[in-house]
Amino acid sequence: MNGGLPLVGLARRLVGEQARPVTSADPVSRPAPLLTAVRRRPGVHSLDGEWPALIDPYRTGEFDLFGNPNGRGWHRGHRPRLAADGTVLPTDRTEYDFDAAPTLTVPGSWVGQRPELSLYEGSVWYQRRFTHRPVDDRRTIIRFGSANHDTRVWCNGVDVAHHIGGYGPFDVEVTDHLRSDGEQQLIVRVEAERTPDRVPATDTDWANDGGLTGHVDLVDVPATFLRTAWLQLDPSGDRLVGSVVVDGPEASGTSLVCRIDGTDVWAAPVPSAEAGLAEAGIDADVPDGLTRWSADDPVRHDVSWHLLDDAGREIDRLDDRVGFRTITTSGTRILLNGAPIMLRGIAIHADAPHRDDRACRDDDAATLLDWAQSLGVNFVRLSHYQHPEAMLEACDERGLLAWCELPVYWGIDWTNPNAVDSARSQLDELVIRDRNRASAIIWSVANETLPGPERNEFLRDLVARARAHDPTRLVSAALFVLPGSGEHETHHLDDPIAADLDVVGANNYFGWYYGDVDTTPSIVWTQDVERPLIMTEYGAGALAGNHGHDRARWTEEFQVAVYEAQYEMQRAIPFIAGTTPWALKDFRTPKRQLPGIQDGWNRKGVFGPNGEEKLVAEVVRRVYADWPDPAPAD
Ligand code: GCB
């Protein structure tokens, strides 16, 4: 083809025929079920670091002139044509070279790493060479913490995985494709377009951070191994429930033992396997004296799951540190370990402190949570997508409760099969990865979606799926509060999806997008179905350091006035059970372009981009110090 442009190809180009879009035609092959507790496994080796990377806005590495897969594609690596004496032939037409490419840091979004990538949403090709000598009877899995958004993986030139979804983990087995000399090469193509059939779709109010945003690990496991294992208290507090998934040829005939702090709590044979995968449920008595995890005393126990062969020899084991607590509702109350709790929270984007990146480094979680805890919170809304694993680990350690969210956000194409598939697989990733985290108390299936039969069906499917994966937690969604009929004297929650949820979230912008600061305090809230309400958003934009009249927008004083009015209104709502202002800190979003004020940032943070504290932080502190948990008999 390079010898001359065929006329038909030229004609197609002239009439503007596009390369086949990857998202709409290709099947989504998601390796299921997932590998969990990855960083606690003995055979894990990090592949993080500097990866050579080539930018490919025209997808030259993937498609030829006719939109067909490019047989000469970049995944094959750099293979120059050599003369008989070994010298590279000057006529070689290869137009890429990973060995000469600049690098990108993994984990990390590409957006902050090179100026030309700051708003880039196309394809980037990464290469990673590593040494790993395959061993008989062992299997090798590559695990990606997250990659935004459409990712293809080649191992030594073989196409091994295609994953869609920008925030959750996925893994791919490469055992059969490893070179026996131990010199291995991964090529990973990540593409971050916003398309109508994706989740989220084309419009979001946060930066579309393309790239390999999560840790990449090589995991070496036995031929038959434990893929997932979890254990939690069921809502009654009387039973321990969970499951394991065993993967491998010897799965049938194995048995499972589960221990807490070294003492057996459950032992049972693993049911026979289907296609090499067997799932065993756990339903055990609660051992005497098991200390509960709570916000004040976030006690965690050493839990281990042991896979034994028919002679009782251990084939594999998984270890985790697990807190045990119950989370339930009663009427309009949320109960932690049976006692009503007020969720005094803050909404957080995974937007890195101090740099333009996803908050994907482990110390980013610590910085963001330090800022949050300085406000006196006991709860964080991890919006609007799955946050890195380190965030949930840190919440467990600190005794913070967490709302975990799917990016089913604004204008989703409800009947598009790609959107349905993607939402489901992202839900699997959200729930299955963190079922051992005591801090995770709520799975939220959506943010601000308009009611209608197709939306309702889409969300109900996700609610049922979340409950099937995990019957121990609450399910919610953050619902729209749209401007009402003028005076806003009452606000009635009437979204029909509320009846399907355990807890209702409501995003209200009285005092900012609609309504008036002065009339906000007197708005009366009512609801169709009796549910605990979390006020999942409210706020106002303020540029840190911009001071002025308390009715002048974008000043810190106006932001204070909106919060004061909101808290007056919210504290009078009899069914309120939680509150999370929007948002912890200013965050990057190409949507916000008011020059001199926004410049690519949403300014509704309680803190500025680098932790600059705005006046409103003191309001939150004062209000939270004086907003007790409801009385038990309430
Ligand atoms: C919302 C969205 C959130 C936005 C926020 C805003 O309702 O849920 O993603 O960033 O409003 O600042 O407008």
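Begin by selecting N148, H149, Y167, E193, R194, R198, P200, A201, T204, W206, A207 and N208, which line the largest cavity of this predicted model. A cavity is a set of points, on a 1 Å grid over the protein atoms alone, where a 1.4 Å probe fits but cannot get out, and lining residues have an atom within 4 Å of a point. The space in the largest cavity is about 90 Å³, a volume being the space filled by probe spheres set on the points, with grid points joined across faces, edges and corners. Five of its lining residues are nonpolar, four are polar and three are charged. In this division Ala, Val, Leu, Ile, Met, Phe, Trp, Tyr, Cys and Pro are nonpolar, Asp, Glu, Lys and Arg are charged, and the others, Gly among them, are polar. Seven cavities of 30 Å³ or more are counted by this rule.

Two remarks on the numbering and the model apply throughout. Residues are numbered from 1 along each chain as its sequence is written, and side-chain values use heavy atoms, with hydrogens and water left out. The model is predicted, so local features need pLDDT of at least 70 and side-chain atom pairs count only at pLDDT 80 or more, whereas totals for chains, interfaces and linings use all residues.

**Strand 6**

Next, select V153, which belongs to strand 6 (residues 150-155). Helices (H or I, at least four residues) and strands (E, at least two) are DSSP runs, numbered from the N terminus. V153 counts as buried because its relative accessibility is 1%; buried means under 20% relative accessible area, exposed over 50%, and partly exposed in between (1.4 Å probe, protein chains only). With neighbours within four places in sequence left aside, V153 is in contact with F144, V158, D159, V160, A161, L186, I187 and V188. Contact here means heavy atoms within 4.5 Å.

Move to D357, in the loop between strand 21 and helix 3 (362-373). D357 is buried, because its relative accessible area is 5%. Show its surroundings as well: not counting residues up to four places away in sequence, D357 touches G108, S109, D209, A350, D351, A352 and R588.

**Helix 4**

Select residues 389-398, helix 4, and colour its buried residues: A390, M391, L392, A394, C395 and D396. E393 is also in helix 4, but E393 counts as partly exposed because its relative accessibility is 21%. Beyond its neighbours within four places in sequence, E393 is in contact with R40 and R437. The side chains of E393 and R40 make a polar contact of 3.3 Å. A polar contact is a pair of N or O atoms within 3.5 Å; within protein, one must be able to donate a hydrogen and the other to accept it, and residues adjacent in sequence count only if both atoms are side-chain atoms. From C-alpha to C-alpha, E393 and D362 are 9.7 Å apart in space and 31 residues apart in sequence. Helix 4 is followed by G399, which has a positive phi near 75 degrees.

**Towards helix 5**

G411 is the next stop, in the loop between strand 23 (401-405) and helix 5. G411 is exposed because its relative accessible area is 57%. Its C-alpha is separated by 49 Å from that of V135, 276 residues apart along the chain.

Then select helix 5 itself, residues 417-433. Its 17 residues reach 24 Å from the first C-alpha to the last, close to the 24 Å expected at 1.5 Å a residue; the expected span is 1.5 Å times one less than the number of residues. Helix 5 is mostly covered, with 13 of its 17 residues buried. At its start, a side-chain oxygen of N416 comes within 2.8 Å of the backbone nitrogen of N418.

Turn to N508, in the loop between strand 27 (503-507) and strand 28 (524-527). N508 counts as buried because its relative accessibility is 0%. Its side chain reaches the backbone nitrogen of F510 at 3.0 Å, and a polar contact of 2.7 Å joins the side chains of N508 and Q566.

**Helix 8**

Finish with residues 616-625, helix 8, which is mostly covered: seven of its 10 residues are buried. These are V616, A617, V619, V620, R621, V623 and Y624. The buried residues of helix 8 pack against strand 21 (343-348), helix 7 (556-570) and strand 30 (576-579).

Terms used
1 Å grid on protein atoms, 1.4 Å probe; cavity = no way out; pocket = protein on both sides within 12 Å on 5 of 7 lines; lining within 4 Å.
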